[in-house]
Each structure stands twice: as C-alpha cells, then as structure tokens.
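Subject: Structure handover, salt bridges

Hello,

Here is the structure I promised to pass on. Please open it alongside this note. My findings follow below.

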Amino acid sequence: MTRFQTIPRLALGMGMTCLALSAAQADEMTTQTPSVEKNSFGQLPDGREVEAYHLRNGQGIDMQVITYGGIITSLRTPDAQGNVDDIVLGFDSLEDYRSEAYRKSNPYFGALIGRYGNRIAEGRFTLDGTTYELATNDGPNHLHGGDKGFDKRLWQAHSFENDTGVGVELRYTSEDGEEGYPGTLETRVRYTLTTDNKMIIDYHATTDKATPVNLTQHSYFNLEGEGSGPITDHRLMLNADAFTPIGEALIPTGEIRDVEGTPFDFREATAIGARIGDDNTQLEYGQGYDHNFVLVRDEAAAGELVTAARVVAPDSGRVLEVATTEPGIQFYSGNFLDGTLTGKGGEAYEKRGGFALETQHFPDSPNQADFPSTILKPGDTYESRTVWRFATQGDGS
C-alpha cells in the first residue's frame with residue numbers, strides 16, 4: 001500500500017513570463033547544457049567527507065546541495081532584468097553550519113528535516129499502546145527530529161541526469177531508536193533541477209515498525225537576494241482557507257480555523273508585513289507567522305499535486321511558486337533571525353531576512369486524532385512530492 005502517490009503533472013504559472021535574461025546571458029545559455037559537478041565541502045570531525053553537488057539546468061539556474069543534512073547551500077536565479085543572485089540563506093563553509101553560534105540559533109537553513117518536521121508536544125507520543133519519549137529541543141517540545149535530526153546527518157548521494165534535468169539522490173538509514181523513534185527507517189530524497197526551471201523534491205521512506213514520518217525541506221528564501229534585508233514587502237499567496245491555531249508553546253490546539261477576517265488570510269496576494277504587527281494573539285505567540293496552513297485540495301486525489309503558494313518580490317520581479325502532494329504548509333516569516341549569523345554575502349541575517357514554506361503534514365499529528373495521520377507502517381511506502389517553480393514577472397511588479 002502506498003500512502004502518498006506522486007505524479008509528474010504540474011500546472012503552474014498562468015500569466016507568467018519565462019526567466020528573464022539579458023541578450024548576452026541568453027547567448028551564453030545557448031551554449032550551456034545541464035550539468036552536475038561533485039566537489040568536497042570539507043570533513044566532519046570523525047574524518048568523513050562531505051560532498052557538494054553543483055547542479056546547473058542550462059537555463060540560468062544553478063544550485064548546490066551538500067551531503068551533510070541534505071542542505072541546499074545556494075540557489076542562484078535571474079531576476080526580471082537578467083541579474084543573477086543567490087536567493088537562499090546559508091553559508092560557504094561546513095564549519096559555519098556546525099558552529100556554536102549556528103547550533104545556538106538553530107535556524108535549519110536549507111536542510112532536510114526528519115523524521116518529523118515541525119513540533120511534537122512534550123516530546124512524547126503513544127503508538128500501539130507504547131509511549132515513546134523524544135528529545136525536547138524546543139522548550140518543552142520536540143522539533144524537527146530532535147537533537148540530531150536528519151539535518152545533522154551525513155547522507156549517501158549520487159548524481160543523475162534524465163530527460164527533465166539533472167539532480168542528486170540522497171539516502172539515509174535512521175536506525176531503530178534513533179532520537180527515540182521506533183523502527184529502522186530507510187529514507188531516500190531526490191532533488192531534480194529541471195530544464196523548465198523547477199526544483200522537484202521527491203521523498204520516499206519505508207520502515208520495519210510503525211513510526212511517525214513527516215519529511216520536509218527548510219530553505220529560507222529572499223527573492224531579492226540573500227542578505228538584502230527583510231522579506232516583509234514580498235507578496236504572498238497561500239492556497240489555504242484555514243490554518244491550525246497554536247498555543248503559547250507553538251503547539252496546535254487541535255482546532256482548524258477559517259482564515260476569513262484574520263491576518264492569516266493570504267488567499268489573495270498580500271505583503272508579508274502588511275498585518276504581521278496586528279494585535280493578534282496568534283501572531284504574538286509566533287512573534288509573527290509560524291503557523292501551519294491547511295491547503296485547499298478540493299477533489300484532488302491523494303498524491304496529486306496542488307498549488308500551495310506563490311511569492312513575488314517587488315523589486316527583482318522574481319516569483320516562486322510551490323506545489324505539493326501534502327495537506328499543509330508551514331509559513332515561517334523568519335521571526336527568530338536576530339543578526340547573529342552572517343551569510344555568504346557577508347551580510348548579517350536580521351529578523352525576517354528570509355521566509356520558509358515547509359510543505360508537510362500537520363504539527364503534532366501523532367497526538368492529534370483529528371489531523372491527517374503521519375504513521376507509516378511496515379509494508380507501506382511514504383511518498384511525497386514538492387515542486388518549486390522559478391519565474392519572473394515581466395513588469396517587475
């Protein structure tokens with residue numbers, strides 16, 4: 001039995017322009033073909049090598065992925081005038097991702113998240129009559145897989161090329177009892193950078209014992225370029241009629257609340273900062289947006305891609321569209337960035353210097369009977385797909 005059936009179909013970008021390139025850049029692109037290059041990104045303290053895979057799609061987009069944490073360290077795309085910038089937050093060195101300052105702030109820049117993306121209340125859940133205790137690494141709660149989640153593990157990798165583009169496949173075996181979770185989980189994640197300017201993320205996992213699984217990708221975007229300042233003027237659309245309210249510890253209450261008449265209504269494109277300072281208890285709890293939105297799936301079949309989000313940067317004209325097979329998306333507005341981390345361009349990452357859109361099942365689902373189940377059982381296969389599409393608006397609006 002398959003829990004999530006992924007499909008290749010994706011219809012996004014009505015009314016969009018292709019990525020804009022200058023005449024010189026366009027001429028250069030005609031001589032380029034998609035490619036993958038592997039290099040070293042340093043060594044872990046135990047001597048294991050961390051590899052970096054540099055993917056180019058031949059259309060002006062290139063990205064780098066490392067085997068430590070499956071981290072997307074850079075993602076360079078053209079703006080509406082053809083200027084190329086890195087649009088994800090991160091660092092140039094392995095040491096920065098392992099520094100004490102980074103561990104203290106723990107932003108999960110660009111990382112693969114597992115076994116369970118988001119929070120589990122009090123680091124505890126009961127499954128088939130057994131209570132499992134997990135690390136409480138976010139106040140009283142378990143967050144993003146624990147003290148040493150998938151974001152801090154070394155993945156095995158190989159590159160590939162196919163008719164749609166180039167990519168890298170990452171594999172990791174999470175042993176029974178790792179971070180308190182039951183079962184040995186065999187995990188595979190494929191990043192595919194396509195020639196039509198999409199990044200496809202395919203997740204696959206199997207287990208030998210029932211266990212919660214909720215994998216996601218935690219890149220922070222700034223579509224004006226990383227380190228360029230706050231993202232509060234980015235215009236966001238979320239295909240969500242409801243969200244899951246949280247308590248003071250950022251755990252869902254179990255309610256599914258209509259967004260109508262609230263600062264959480266992004267059904268029409270709205271600047272991220274337009275209502276972020278409103279007098280609203282939910283915004284106070286999150287110090288901004290840090291909430292799961294319930295996606296509108298209508299008659300979409302299980303495993304069918306639906307549009308989740310669309311973001312436009314007003315100055316660069318860059319557009320990011322997100323589609324997913326998941327039922328939810330966590331919108332995080334970079335509330336806890338505080339300037340203590342300096343990124344690739346030498347600029348400090350200040351508060352709201354990037355946003356994350358984490359496609360997912362809902363937070364704390366193992367303790368919330370009315371939420372979609374995240375329990376993977378032996379004999380079943382976890383499959384999920386998320387697609388990022390990169391484009392520009394012709395008029396830069």
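A salt bridge here is a side-chain nitrogen of Lys or Arg within 4 Å of a carboxyl oxygen of Asp or Glu. By that rule, the structure holds 25 salt bridges. Bear in mind that this is a predicted model.

Confidence

The average pLDDT is 93 for the protein. A score of at least 70 is reached by 91% of the residues. Two stretches need care. Over residues 1-17, pLDDT stays under 50. The model still has 56 contacts beyond four places in sequence for residues 1-17. Residues 20-31 also stay under 50 in pLDDT, and for them the model has 19 such contacts beyond four places in sequence. Where pLDDT is low, the predicted coordinates should not be read in detail.

Salt bridges across the chain

Side chains of opposite charge can pair when their charged atoms come close.

Arg318 and Asp85. Their closest N and O atoms are 3.0 Å apart. Is Arg318 buried or exposed? Arg318 is buried, because its relative accessible area is 2% and the cut-off for buried is under 20%. Asp85 is partly exposed, at 28% relative accessibility.

Arg153 and Glu179. This salt bridge has its closest N and O atoms 3.9 Å apart. Arg153 counts as buried, with a relative accessible area of 14%.

Asp241 and Arg267. These side chains meet in a salt bridge at 3.6 Å, N to O. Asp241 is partly exposed, with a relative accessible area of 38%. Arg267 is partly exposed too, at 32%.

A network

Which residues are linked in a network of salt bridges? Glu169, Arg171, Arg188 and Arg190 are.

Best wishes

Methods:
Residues are numbered from 1 along each chain as its sequence is written. This is a predicted model: local features need pLDDT of at least 70, side-chain atom pairs count only at pLDDT 80 or more; totals for chains, interfaces and linings use all residues. Side-chain values use heavy atoms; hydrogens and water are left out. Buried means under 20% relative accessible area, exposed over 50%, partly exposed in between (1.4 Å probe, protein chains only). pLDDT is the predictor's confidence in each residue, from 0 to 100. Contact means heavy atoms within 4.5 Å.
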